[in-house]
Protein chains: 2
Amino acid sequence: MEYKIANRIAGVQGSIIRELFKLAADPNMIAFGGGNPSPDTFPTEEIARITAEVLEKNPSSVLQYGLSEGYPPLRETMKKHLAKVEHLSFDKNELFILSGGQQCADLVTKVLVNEGDVVLVEEPSFVGCLNTFRSYGAKLVGIPMQPDGMDLDALEAALRENKNVRLLYIITSFQNPTGFTTSAEKRRKIYELAQKYDICIFEDNPYGELRFAGEHLDPIKALDTDGRVLYAGSFSKTMAPAFRLGFLVFDQALVSRMTVAKQCTDVHSTTLFQYICNEYMTKCDYDGHIEKTRALYRHKCDLMLSEMEKQFAPGVRFNRPEGGLFVMAFLPDGMDSYPFVAEGIKRGVACVPGIAFAADESGTHNGFRMNYSSPADDKIVKGVEILGKLTHEWLSR
Amino acid sequence: MEYKIANRIAGVQGSIIRELFKLAADPNMIAFGGGNPSPDTFPTEEIARITAEVLEKNPSSVLQYGLSEGYPPLRETMKKHLAKVEHLSFDKNELFILSGGQQCADLVTKVLVNEGDVVLVEEPSFVGCLNTFRSYGAKLVGIPMQPDGMDLDALEAALRENKNVRLLYIITSFQNPTGFTTSAEKRRKIYELAQKYDICIFEDNPYGELRFAGEHLDPIKALDTDGRVLYAGSFSKTMAPAFRLGFLVFDQALVSRMTVAKQCTDVHSTTLFQYICNEYMTKCDYDGHIEKTRALYRHKCDLMLSEMEKQFAPGVRFNRPEGGLFVMAFLPDGMDSYPFVAEGIKRGVACVPGIAFAADESGTHNGFRMNYSSPADDKIVKGVEILGKLTHEWLSR
């Protein structure tokens, strides 16, 4: 049979880096290419205890069909938590529990973006969400990233030049893949531009709780008086990725649309894990848990950066992330990182080339993403040593 | 802010029955309107034991990010199981574990249906999937259901008259909402028509394991030599709904498209529950468990039907389901069931009017759906008594 693939999906490439990663599947490979949180951060004992208790006392409460909007006590807990730590207001906002940050992107796009609409994205940006936008037939326009957030001149030019911009996608803190954080100043200006051109912002903050340096910055959603910001977070890095839980904050006017979109997609998210998150956040030492997670990533990030400073050729630039899981290193301007990364994999270290995170995958990119949350300390040292040697060879060719 | 809602979602009504069900939220209401499996069927003890064991021995295997295609051992287990019980072949087919039967519908539509394409559906049919098709901008064309499956003349007429039919949606066994099962003869003919007009079939079989009367019938997928049938099943009625797990069987040629669609949507489904399903199916008495579930529903269905035979006015028709969770009763032809159901709710019994399951929600329908899996036995007796009295009044007006 000749399948007629829907246009929306025919336009999504299988990841450009898939072929590269077949090479990286070697179990001896030093893996800087992934994006997994450290399993040392999972609160396993409490997960086991809470699960055993609820399955003993009230099993059908976590096994029967649940509500599309999410488990009500967790929704309330998260509202209080986000009001406290991110200064979000719930006077006019609502919060749903969804199946991970990825589904937040999926439903926001489903509800707000028509085929052919433009979504503005940081360039580079998280490929998982870029592919979500593509899978609804959106046209992506990339706005170059700078260490303090996207280039505002380029942003305004894109807003002026594209008539059907529907959404701006931004990861405000410890961005994936760059590790950059948008400054408070740029957050304000980006919101003002969204007002001026009357577009919505999809603010993705999966790493928000993982700040291990610098000062807290309120998300753009905290500035939002119009209801034009949809704010997503995730339990993947604070509890466990396989819970497949995230949360979306949005104006109450969108509640019925979001409910319908969720019902059409997977009915509801798993109740047991929502119950565990709520019990853990209300009855265990959640703050202490997050502090321990931050300390671990602070240590791992410091280790990777200090080794990079020692080992990398001076022509390779990188910034110091203040949180999250990633740092991006940049080869000199105009140099393509793809063959560099391919050679690194041959020598036993896997990174991700920047082109994988581009709005336009047909170009080249000089950055490569390195993950420090997942590899063991000795692997971080060894991997940076190998890459460092390669940078010296590569830049002196 | 004035939101511009995407066309695809603007076209999906919030459920026509939502207003009706606000009335039905009274906790004293006898609930024939839901679709929940009986919590007595959940294998709670084994779920608790298997969970405790894996969280003790290998926690990160079920808490870390998993594969988009599903947990490999469960995929293999399900292939063997479906080869045995449904006579499916996996020579050219693949099986993914997805987030419930609902997500199977979501991804099939995402991959195969363009905006404006026609999806043929049984009329009435499961509103959750009808809304999924609508949420991708598909045009629905209803094919009237008969007790042995859809009207084949109407099906062929619809195939002839609509040039851009992409998909036929069918629940072959114990259909929701009618409880009807498509005969072996009609299964063959429907497949032949799909070949003749070169369309795909999305065969949904969430109740397949719940046959409590009559003889097994192979699904249409077992006849599929061309790879034109995509076959979905669910763990919601065999294990627990809140696992949010289902499975999709489809031709290997679609693997990369389905993988991308899953990645864009929610990355992967929960690993712990996939692990539990696999352990339960391979190491516990799964066959005995299913036999007990069937016995329970056989009893509840028999009870509801025998009470309906005693209590309902002779002008109300209904058939004897051979499995599943639902029976549909039909008022005399041309009579609208909506005001009947509304009056039933006033008297303390909630059903779902047939119009909620229609391709065209603007018409009327004479059927109403009753669920027997969830209410307690005494509620079944009492609820049918109340409805029975109402049928006598209603038909003699």
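Two strands are taken to pair if DSSP finds at least two bridges between them. Strands (E, at least two residues) and helices (H or I, at least four) are DSSP runs, numbered from the N terminus. The model is predicted: local features need pLDDT of at least 70, side-chain atom pairs count only at pLDDT 80 or more, and totals for chains, interfaces and linings use all residues. Residues are numbered from 1 along each chain as its sequence is written, chains are lettered from A and ligands numbered from 1 in the order in which they are written, and side-chain values use heavy atoms, with hydrogens and water left out.

In chain B, 4 strands form an open sheet in the order S10-S11-S14-S13, with antiparallel pairing. Strands S10 (317-318) and S13 (352-353) of chain B stand at the edges, each with a single partner strand, so one side of each lacks a neighbour in the sheet. S10(B) runs antiparallel to S11(B) (residues 326-330), joined by 2 bridges. Here B:Phe318 stands opposite B:Ala329.

In chain A, 6 of the 6 residues of strand S9 (residues 246-251) are buried, so S9(A) is largely enclosed by the rest of the structure. Buried means under 20% relative accessible area, exposed over 50%, and partly exposed in between (1.4 Å probe, protein chains only). Strand S2 (residues 93-98) of chain A runs antiparallel to S9(A) over 6 bridges. A:Asn93 faces A:Asp251. Strand S8 (residues 229-234) of chain A also pairs antiparallel with S9(A), through 4 bridges. A:Ala232 has A:Leu248 as its bridge partner.

B:Gln103 belongs to helix H6 (residues 100-112) of chain B. Its relative accessibility is 0%, so B:Gln103 counts as buried. Beyond neighbours within four places in sequence, contacts of B:Gln103 (heavy atoms within 4.5 Å) include A:Thr265, B:Lys262 and B:Asp266.
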